[in-house]
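Here is a quick tour of a protein fold, written for someone new to reading structures. Have a look at the sequence and the model first, then work through the points below.

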Amino acid sequence: MTEAKTETKKTTAVKKTKTLAEALAEFQVDLPQVDLDSVNPHFKSKFASLSNITKKVLPELSKHGFSYSVGSFVDNGLLVVDAHLIHESGESRSFQFPITETQPQKIGSAITYAKRYAIQALTGVVADEDDDG
């Protein structure tokens, strides 16, 4: 006779909070560790790639009632990267980064740079080497 096994999924639900500030404080208690998986050849410094940051950070943000969105708009002829950390309460924080480059390759690099730094700035996650000396 074959026994049917039922597997219980272990959920890591976090207590839902009422405000963005409370949820962000809870998220920051145990910030995800983001490995520095890339090297800037010009400055010879290490940093975390955008894909590495989002793979580690987005699932943890979700546990605290956050979603993260990045779009863009044009303002006075400049492309502006527009990132939002949105909480289930309806509150949000934003980060805007104007792109001044005009060559397509440099525009793409600047957009990726802005996305990397936006998620770090909005969450408090550190994903690069301290190069302040």
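A polar contact is a pair of N or O atoms within 3.5 Å; within protein, one must be able to donate a hydrogen and the other to accept it, and residues adjacent in sequence count only if both atoms are side-chain atoms. Keep in mind that this is a predicted model, where local features need pLDDT of at least 70, side-chain atom pairs count only at pLDDT 80 or more, and totals for chains, interfaces and linings use all residues. Residues are numbered from 1 along each chain as its sequence is written, and side-chain values use heavy atoms, with hydrogens and water left out.

**The overall layout**

- The protein has three helices and five strands; helices (H or I, at least four residues) and strands (E, at least two) are DSSP runs, numbered from the N terminus.
- Starting at the N terminus, the order of elements is α-β-β-α-β-β-β-α.
- Of the 133 residues, 29% count as buried, where buried means under 20% relative accessible area, exposed over 50% and partly exposed in between (1.4 Å probe, protein chains only).
- Take the contacts (heavy atoms within 4.5 Å) with a separation of 6 or more: residues 24 or more positions apart account for 48% of them.

- Asp82 sits in strand 4, which covers residues 78-87.
- Which side chains does Asp82 join in polar contacts? One is His84, at 3.0 Å, and another is Gln96, also at 3.0 Å.
- Asp82 is buried yet has no salt bridge, and the nearest side chain of opposite charge, Arg93, is 12 Å away.
- For the charge count, Lys and Arg are positive and Asp and Glu negative, while His and the chain ends are not counted.
- Leaving out residues up to four places away in sequence, Asp82 touches Ser69, Val70, Gly71, Ser72, Phe73, Phe95 and Gln96.

**The one salt bridge**

- A salt bridge is a side-chain nitrogen of Lys or Arg within 4 Å of a carboxyl oxygen of Asp or Glu, and a search of the whole structure finds one.
- Glu60 and Lys63 make that link through their side chains, at 3.1 Å from N to O.
- These two, Glu60 and Lys63, are three residues apart in helix 2, so about one helical turn separates them.
- Glu60 is partly exposed at 27% relative accessible area, and Lys63 also counts as partly exposed, at 28%.

**Helix 1 and its two sides**

- Helix 1 runs over residues 20-29, and Leu20, Ala23, Leu24 and Phe27 are buried there.
- Seen down the helix axis, the buried residues of helix 1 fall within an arc of 100°, so they line one face; the arc is that of the directions from the helix axis to the C-beta atoms.
- On the face turned away from the buried side, you'll find the exposed residues Ala21 and Val29.
- The buried residues of helix 1 pack against helix 2 (50-63), strand 3 (66-75), strand 4, strand 5 (92-99) and helix 3 (104-123).

- Strand 3 and strand 4 run antiparallel and are joined by ten bridges; two strands pair if DSSP finds at least two bridges between them.
- Phe66 has His87 of strand 4 as its bridge partner.
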